[in-house]
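Student: I have a protein model to look at and would like a close look at one part of it. Please tell me which terms you are using as you go.

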Amino acid sequence: MHDIKWIREEPEGLIRALTRRGTDAAEARALVDSLLSLDERRRSGIAKLEELQARRNAASKEIGAAKKAGDNDRAEALMAEVAALKTDIPALEADVKAAETELNDTLAAIPNVPLDIVPEGRDEHDNVPFDAPAHAEAPGSALPMPALRNFAFTPKQHFEIGEALGQMDFEAAAKLSGARFVVLKNKLARLERAIGQFFINTHTEEHGYTEVAPPILVNDAAMFGTAQLPKFREDQFSVETVDKSISDFSEALLWFEDLDNPNADREHAEKSKDGRLLAAFNAWDRARKYKSTSADDPPPPSSEVRRLREAYAREYIAFEKGVPANLWLIPTAEVPLTNLVAQSILSEEELPLRFTALTPCFRAEAGSAGRDTRGMIRQHQFNKVEMVSITTPEKSLEEQERMLACAQAVLKKLDLHHRVVTLCTGDMGFASARTFDIEVWLPGQNAYREISSVSTCTDFQARRMNARYRPAGAKSTRFLHTLNGSGVAVGRAMVAILENYQNEDGSVTVPDVLLPYMGGVTRIGG
């Protein structure tokens, strides 16, 4: 989320950032002009509102004085003025709120500003190799880069190996859940568990991360904070606890259609002290009562009013039942780990905070039709070890390289050849200011594939979740910097192990560092 004050003072800065990310220059300028227009509408509306409120208060006092002086004509004129102000003020309040909502919605859809050191480019073909230095606090990062393996046979892809072993079953998973799922059995199931345990143990015992077991169901605010919402809604899996088909939902809709006492309903929402219920009511109430002031400012269509009414109905029922109306399955543990500091003010002495978690992750993979349709590279459900750091702006870049070293350390210990690239401006993620990708070599595919992304988000996420810290000796606060990185994806690590440790007879040798987790198993199959 961007600071509108910065955009107001340096509009060219945002225009440049957007064009570096690939937005057309004219489109970027039009967007910034729109932001500044909304900001001016909001600010001038607030100033006018304060003026009207002050006049209302003054006129109310003048009424008493006029009556006391026996000036009934003036008293009546003042009462008429106050009555008009009581109509004008709510209309202006609604306009200010509408401008503020549109401004915030627009800001929420704008990606982070790339750091100046990020190479410019359009896509993955413009990414730049990065010679990652070792880090003293990630001992394994000092190991030499593992060599590419030479095979005396044509190496197979991971799914060919797993299916031949009878321990990787995509057909059974499709019967249970559909495409992009897998059932692992026997020693491969144990291997996956071993990989995750090795990663989490290394990060906690050697790299100074605190292990966290977070919820894997989170609310809208958490997903907004890390920028999965609203832009990437279609990529997420949601869990609705209030079904549109149930009878109480239908009854609630009928009740709302007949509602003739909105004040009572507002009172109920406010007394509930439930932020989601009140927000849903306000959104519906504003939409249904909206009055157009010009052809350029039409009221919302009836379909939108109905959608907002249904959203309120779901929240109402959920509140009455004592359950959330909707939760999201996490696409990465970055979401709950980063949000641990949401709505907080930390002291500088507490920093840095370093969290890690091994969790299932869920992604709809919208827009990935036809890509990686076979195997475990692109799944709807997968396990991943995530690393999150919370630090000061001054330490952000140093912390990112430390995190990168931690991710590389586990791959070097697994003796997996890989390379590191700095993503160009056109290939970076929405919330990132700079990203390193680690790409592991897969001999079966004869290609490098991403196995980890390590990003600094600067204060972009912190602004969305209002996460701050107070520098030592300072009275004012600053926004934190948040970083995240895979440490690493368990499924993709298994893919790399199967392809790099395969033998000609179809068996797979277990990497040495995983032997303590495998109960004496040194080879799978054969």
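By the ring-pairing rule, how many aromatic pairs does the count come to? After that, please take me closely through the place where α7 and α16 meet, and then through what lies around it.

Tutor: Happy to. This is a predicted model, in which local features need pLDDT of at least 70 and side-chain atom pairs count only at pLDDT 80 or more, while totals for chains, interfaces and linings use all residues. Residues are numbered from 1 along each chain as its sequence is written, and side-chain values use heavy atoms, with hydrogens and water left out.

The count comes to 7 aromatic pairs; rings of Phe, Tyr and Trp (its six-membered ring) pair if their centres lie within 6.5 Å, and planes under 30 degrees apart count as stacked, over 60 as edge-to-face and the rest as tilted. One of the pairs, Phe198 with Phe199, is tilted, at 5.8 Å centre to centre and with 45 degrees between the planes. Phe198 and Phe199 are both buried, where buried means under 20% relative accessible area, exposed over 50% and partly exposed in between (1.4 Å probe, protein chains only). Elsewhere, Phe232, Phe430 and Phe460 make up one aromatic cluster.

Helices (H or I, at least four residues) and strands (E, at least two) are DSSP runs, numbered from the N terminus. Two packed helices are described by the angle between their axes and the distance between the axes. For α7 (residues 186-205) and α16 (residues 490-500), the axes come within 10 Å and cross at roughly 115 degrees. Axes here are lines fitted to C-alpha atoms, for helices over the stretch in contact, and angles run from 0 to 180 degrees between N-to-C directions. The crossing of α7 past α16 is right-handed; a crossing is left-handed if the near helix is turned anticlockwise from the far one by less than a right angle, and right-handed if clockwise.

Which side chains can you pick out there? From α7 come Leu188, Leu191, Glu192, Ile195, Gly196 and Phe199, and they meet Val490, Ala493, Met494, Ile497 and Leu498 of α16, with contact meaning heavy atoms within 4.5 Å. By class, this contact has 9 nonpolar, 1 polar and 1 charged residues. Ala, Val, Leu, Ile, Met, Phe, Trp, Tyr, Cys and Pro count as nonpolar, Asp, Glu, Lys and Arg as charged, and the others, Gly among them, as polar.

Now for strand β16, which covers residues 481-489 and holds Ser486. Ser486 counts as buried because its relative accessibility is 10%. Leaving out residues up to four places away in sequence, Ser486 touches Lys384, Val385, Glu386, Met387, Ala407, Ile451, Ser452 and Ser453.

Pro352 sits in the loop between β8 (345-347) and β9. Leu351 and Pro352 are both touched by Thr391, which also touches Ser396, Glu399, Leu480, His481 and Leu483, again not counting residues up to four places away. Thr391 lies in strand β10 (residues 381-391), and it is buried, with a relative accessible area of 2%.

Most residues other than glycine have a negative phi, and most peptide bonds are trans. Arg180, in the loop between α6 (170-176) and β3 (183-184), has a positive phi near 65 degrees and counts as buried at 16% relative accessibility. Thr458, in the loop between β13 (447-456) and α15 (460-465), has a positive phi near 45 degrees and counts as buried at 12%.

To set this part in its whole, the protein chain has 16 helices and 18 strands. Its C-alpha trace spans about 110 × 55 × 45 Å along its principal axes. Of its 526 residues, 47% count as buried. Among contacts between residues at least 6 apart in sequence, 73% join residues at least 24 apart.
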